[in-house]
Amino acid sequence: MNKQSKTKTKRVLSFIHRNRVKIGIWLFLVILPITLLITAYVGSYTTNKAVYFDSEITEESVKIKDFILADELKALTINIEWDALKKPIEGDDGELQDGYYRFVMSYTPNGTYQVSSVKITPVLQTDWKSYRSVGIQRYLSNNNISFSIDFNFDLPKSPLLFVTIEDPNLYLKVEYTYSSAGQDVTEIEYVKFSLKDLNPNTVIPNE
């Protein structure tokens with residue numbers, strides 16, 4: 001280190017020493033809030049990326065974190081259409097009620113797979129905030145079936161600055177059985193279907 005560099009270093013250290021109280025206050029007022037803000041965002045985002053498929057969450061409930069798309073299942077492809085949306089209304093008791101999302105679904109076997117049974121458990125859950133609703137378990141077929149999932153939460157919502165929740169994601173626990181070498185094989189896979197940038201075929205008005 002040359003003489004000029006040593007002089008600059010001494011000046012910087014001297015400045016920090018003389019103003020250490022002011023620098024400490026500045027760090028406290030600026031760095032700490034930023035750190036807390038980042039922690040809040042990261043915590044909110046990661047917490048609501050995992051899904052429980054049980055109606056009531058207990059110690060034995062399994063939290064699912066990894067999902068695939070509806071056309072990435074091993075033996076079949078699930079065809080999903082967002083058919084209708086009905087916003088909830090406030091009941092006499094002040095609670096939101098009568099809101100739901102309706103979907104039309106069917107499945108198509110992939111390649112030569114002989115699929116004999118497909119059962120799904122649907123969950124609607126938002127990113128960033130724990131708005132969650134578990135639907136009724138049901139069977140799919142090659143023909144379209146229509147079903148609704150209650151969702152009585154007030155959206156859109158902005159739980160954090162610059163974050164707006166418009167709609168939940170649709171998550172599916174898919175349990176299916178297919179024939180392989182003369183034996184039945186049962187698989188369970190988990191699907192995420194994002195409603196972002198999608199619109200329902202019908203928005204049902206509240207009476």
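**Exercise 1.** Determine how many cavities of 30 Å³ or more this predicted model holds, and state which residues line the largest cavity.

*Solution.* The count comes first: the structure holds 1 cavity of 30 Å³ or more, and the space in the largest cavity amounts to about 40 Å³. Its lining is made up of L85, K86, K87, P88, Y101, F151, F153 and L155, which divide by class into 6 nonpolar and 2 charged residues, with no polar ones. Two of these lining residues, L85 and Y101, are also bridge partners, with Y101 lying in β6.

**Exercise 2.** Describe the sheet in which β3 and β6 take part.

*Solution.* Strands β3 (residues 76–86) and β6 (residues 100–109) run antiparallel and are joined by 10 bridges. They belong to an open sheet of 4 strands with mixed pairing, in the order β10-β6-β3-β15. The edges are formed by β10 (145–150) and β15 (202–204), each of which pairs on one side only. Ignoring direction, neighbouring strands of this sheet are turned by 30 degrees against each other on average.

**Exercise 3.** Classify the aromatic pairs that Y190 forms with F53 and with F67.

*Solution.* For F53 and Y190, the centres are 5.4 Å apart and the planes stand at 45 degrees, which makes the pair tilted. Because F53 lies in the loop between β1 (51–52) and β2 (63–64) and Y190 in strand β14 (residues 183–193), this pair ties together parts that are 137 residues apart in sequence. F53 has a relative accessible area of 9% and is therefore buried. For F67 and Y190, the centres are 6.5 Å apart and the planes are at 90 degrees, so this pair is edge-to-face; F67, in the loop between β2 and β3, is 123 residues from Y190.

Technical notes
Residues numbered from 1 in each chain as written. Predicted model: local features only at pLDDT ≥ 70, side-chain atom pairs only at ≥ 80, totals over all residues. Heavy atoms only, no water. 1 Å grid on protein atoms, 1.4 Å probe; cavity = no way out; pocket = protein on both sides within 12 Å on 5 of 7 lines; lining within 4 Å. Points joined across faces, edges and corners; volume = space filled by probe spheres on them. Nonpolar A, V, L, I, M, F, W, Y, C, P; charged D, E, K, R; others polar. Pairing = 2+ DSSP bridges. Helix = DSSP H or I, 4+ residues; strand = E, 2+ residues; numbered from the N terminus. Axes fitted to C-alpha atoms, helices over the stretch in contact; angles between N-to-C directions. Phe/Tyr/Trp six-rings, centres within 6.5 Å; stacked < 30°, edge-to-face > 60°. Buried < 20%, exposed > 50% of the residue type's maximum accessible area, 1.4 Å probe, protein only.
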